[in-house]
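Hi there,

Here is the structure I promised to pass on to you. Have a look at it first, and then read on for what turned up.

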Amino acid sequence: MAHRAYVRVLMDVDELGKVHPLKIYWEDGRGFEVDRLLDVRRAAATKAGGQGIRYTCRIRGREVYLFEDDGRWFVEARDIC
């Protein structure tokens, strides 16, 4: 199972208003640079529930879904049991 892990996002907004995430930060302060933005679309967070704008990013060679929902940013994080 997964949950929403809210993150801080450093982003760039171009002259057309398009958002480009550059880096995400966990609560503990660790930062991870977005190597490449692969896709942007409205989609559901199937593992953690809810929906929003889904940014498919490549971070450290892995595909990561970063969601923006009503001004808040989250990733789907695995629950530790």
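Thr56 sits in strand E6, residues 51-59 (strands are DSSP runs of at least two residues, numbered from the N terminus). Thr56 counts as buried because its relative accessibility is 6%, the cut-off being under 20% relative accessible area with a 1.4 Å probe, protein chains only. Leaving aside residues up to four places away in sequence, Thr56 touches Arg36, Leu37, Leu38, Asp39, Glu63, Val64 and Tyr65; a contact means heavy atoms within 4.5 Å.

A word on the source: this is a predicted model, where local features need pLDDT of at least 70 and side-chain atom pairs count only at pLDDT 80 or more, while totals for chains, interfaces and linings use all residues. Residues are numbered from 1 along each chain as its sequence is written, and side-chain values use heavy atoms, without hydrogens and water.

Arg54 also belongs to strand E6. Arg54 is buried but has no salt bridge, and the nearest side chain of opposite charge is Asp39, 4.4 Å away (a salt bridge needs a side-chain nitrogen of Lys or Arg within 4 Å of a carboxyl oxygen of Asp or Glu). Among the residues that Arg54 touches are Asp39, Tyr65 and Leu66.

Leu66 leads on to the largest nonpolar core, which has 13 residues, with Val7, Ile24 and Leu66 having the most contacts inside it. Such a core is a set of buried Ala, Val, Leu, Ile, Met, Phe, Trp, Tyr and Cys residues joined through side-chain atoms within 4.5 Å. Strands E6 and E8 (72-78) each supply at least two residues of this core.

Enjoy exploring!

Terms used: Helix = DSSP H or I, 4+ residues; strand = E, 2+ residues; numbered from the N terminus. Buried < 20%, exposed > 50% of the residue type's maximum accessible area, 1.4 Å probe, protein only. Lys, Arg positive; Asp, Glu negative; His and termini not counted.
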